Amino acid sequence: MVKHQPLQVYEKQVFVSFVTGIYGCRWKRYQRSQDDSSRWECTWFVILCSSFLLLLFWAYFWLVAQNDFNEFNWLVYNRSGEWRDETIPILASTTVGFSYITFLLILALFHISLGQQLNLYWVHKIGVLATLLTTISGVISVDDIWGDEWDILLLSLQSTAPFLHIGALVTVTAISWLVAGYVVRRERSNFQVMMLLIYMVILLAVYLAPLTFTCPCIMDRHSLRPRPEIIGRRGAPMLAPENTMVSFNRALQYGSSSLEADITISVDGVPFLMRDRTLKRTTDVRKVFPVRQYDDASFFNWTEIRSLNAGQWFLESDPYWTVGSLTARDRSRIGNQTVCSLVEMLRLVARANGSALLNVRRPPPEHPRYRSWFMDTLWAVQKAGITQKRVTWTPDTDRGRVRGLLQTANEKLSVEEMRQRGITSLTLHYSKASHKDLQEYLANNVSVTVYPVNEGWLYSILWCSGVPSVSSDAPQVLRKVPYPIWLMSRKAYDFIWITSDLVSFAVVVGIFSFQNYHMIRWRMRGMQNYNPEQIMLSAVARRSSREVNIMKEKLIFSELNNGLSSTEELCLYPENGYATYTHGELSH
């Protein structure tokens with residue numbers, strides 16, 4: 001007698017329900033399907049992958065662009081007229097969007113590995129599309145406002161390329177499980193062959209990628225040059241108001257050997273320190289002289305400039321999120337700061353036995369000191385009592401009249417041009433200082449200062465490149481880099497590279513072999529247990545899961561009705577938890 005038990009026993013599939021529920025709002029078993037995903041859903045999967053790659057690029061850009069956050073905020077200020085940290089909302093939205101897209105992509109990959117049909121919920125489709133469009137608009141906006149910053153991506157690869165290579169290697173190796181499952185467990189088609197070829201090309205490209213790397217820190221440890229000197233760019237503007245005496249003192253305390261300042265000439269011929277064209281951002285000019293807050297700073301006389309407060313804005317706006325770490329005494333000193341004159345700064349440099357780098361802004365043509373501005377600057381240098389050989393002159397005009405000062409240029413020049421102009425050093429933006437150019441300059445005994453250098457990774461690769469000095473807004477950060485972040489010999493890196501490639505190749509071959517062996521064994525076992533009717537059932541082309549389940553149930557009932565002896569075995573291997581009938585009983 002046949003015991004009456006349920007013909008189909010469902011096991012609880014909590015993980016599958018979690019994956020399909022969150023991804024496609026398919027929480028019930030009957031809502032799920034193992035049919036092939038539609039072209040529409042495959043298209044959305046491609047959009048999801050594209051969004052992930054774009055956000056990965058976007059997140060990496062802002063990670064390395066931390067070096068220039070101050071420059072970005074300053075550019076936005078010049079356009080909007082209001083100073084605020086614009087990087088906070090960008091970083092917050094990027095973090096949320098990247099986490100969301102990454103989570104959905106992981107769920108989609110689980111769908112593929114579990115053989116579930118992709119069906120992205122409409123709410124997620126709106127979210128993916130909104131995230132993609134927002135990121136694209138962000139890329140376009142940055143290209144418009146801050147287009148030169150894209151150069152930092154290529155430069156950052158000199159530091160991160162070996163580590164990104166390992167990450168890419170792990171990723172493509174892991175993806176081989178999905179590729180092998182797709183290629184091996186289905187009937188052969190031209191599309192499968194194309195997918196396999198694409199994967200192999202990508203895998204080969206990742207294996208050979210280190211041949212294109214240019215990493216200065218892959219070098220012999222004994223060839224490392226001395227630690228680059230740090231120039232306090234406007235002092236230490238992350239710890240105190242820029243171009244003030246407190247800021248310059250902080251820079252010297254954190255190991256700066258030189259100071260860099262922006263010079264403006266007042267209407268009565270007094271050189272003072274000011275970066276902006278107006279006094280609005282870094283002083284209380286809107287309170288003292290509200291009608292003149294948008295006037296050029298050079299059209300104020302020294303008495304008027306000296307009456308302005310140059311520190312309170314720093315405490316109120318907290319531009320670098322550092323005010324909370326200040327002591328009450330530091331806040332009191334900062335709150336009482338006034339605009340600093342060039343003479344005061346040079347006297348501080350002389351007492352510290354340092355040097356100064358002067359960026360002088362020439363007054364406009366209608367300014368009364370338009371023709372004598374360089375004489376005003378030289379007079380301030382002489383009055384400060386500092387040796388002229390310790391002062392570097394950057395303006396490219398009137399060099400013949402300031403022969404006593406060291407001459408530098410803010411543009412890339414050939415060695416011959418430098419000799420003709422009498423220039424002994426260069427001050428270059430890091431985007432213009434390629435590794436090849438730096439080696440050429442150093443070979444001709446040309447001193448190069450690179451700016452702005454505010455992150456340890458950038459400081460490290462410039463150190464490995466042999467740069468003698470860098471100009472930084474964050475000397476307190478570079479002080480914590482007593483040695484390059486990473487340094488490796490060529491032989492050691494080649495060993496790591498080749499070994500990791502071989503391990504990856506062995507894992508990929510093993511995965512494909514395992515998947516192929518598993519599929520062959522599954523098919524052989526299925527052929528041994530299937531009767532002719534079941535073979536015909538398995539050969540039904542492109543049936544939906546529901547239709548196949550109904551046909552399987554009908555087959556079981558038909559065999560039971562025909563009479564099955566106690567020693568006969570009905571063994572069915574369906575997909576969704578069907579039981580087997582053995583020795584007259586149903587087991588599961």
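These legends accompany close-up views of a predicted model.

Residues are numbered from 1 along each chain as its sequence is written, and side-chain values use heavy atoms, with hydrogens and water left out.

**View 1. Confidence along the protein.** Mean pLDDT is 85. Of the residues, 84% reach 70 or more. Strand β3 (residues 271-273) has the highest confidence, with a mean of 97. Strand β12 (residues 585-587) has the lowest, at 42. Helices (H or I, at least four residues) and strands (E, at least two) are DSSP runs, numbered from the N terminus.

View 2. Residues 529-543 fall below 50. Beyond near neighbours in sequence, this stretch has 22 contacts in the model; contact means heavy atoms within 4.5 Å. Residues 564-588 also fall below 50. For that stretch, the model has 62 contacts beyond near neighbours in sequence.

**View 3. The salt bridge between D473 and R234.** The side chains meet at 3.9 Å, N to O. D473 sits in the loop between β9 (469-472) and α18 (475-478), and R234 in the loop between β1 (229-233) and α8 (245-253), so the pair ties together parts 239 residues apart in sequence. A salt bridge is a side-chain nitrogen of Lys or Arg within 4 Å of a carboxyl oxygen of Asp or Glu. D473 is buried, at 1% relative accessible area. R234 is buried too, at 7%. Buried means under 20% relative accessible area, exposed over 50%, and partly exposed in between (1.4 Å probe, protein chains only).

**View 4. A network of salt bridges.** The network links E71, R233, R234, D262, R275 and D473. The structure holds 19 salt bridges. Side chains of opposite charge can pair when their charged atoms come close.

**View 5. The salt bridge between R250 and D330.** The N to O distance is 2.9 Å. The pair links distant parts of the chain, 80 residues apart. R250 belongs to helix α8 and D330 to helix α12 (residues 328-335). R250 is buried, with a relative accessible area of 14%. D330 is buried at 19%.

**View 6. The salt bridge between E304 and R292.** These side chains meet at 3.1 Å, N to O. E304 lies in helix α10 (residues 302-306), and R292 in the loop between α9 (285-288) and α10, so the pair ties together parts twelve residues apart in sequence. R292 is partly exposed, at 22% relative accessibility.

How values were computed
pLDDT = per-residue confidence, 0-100.
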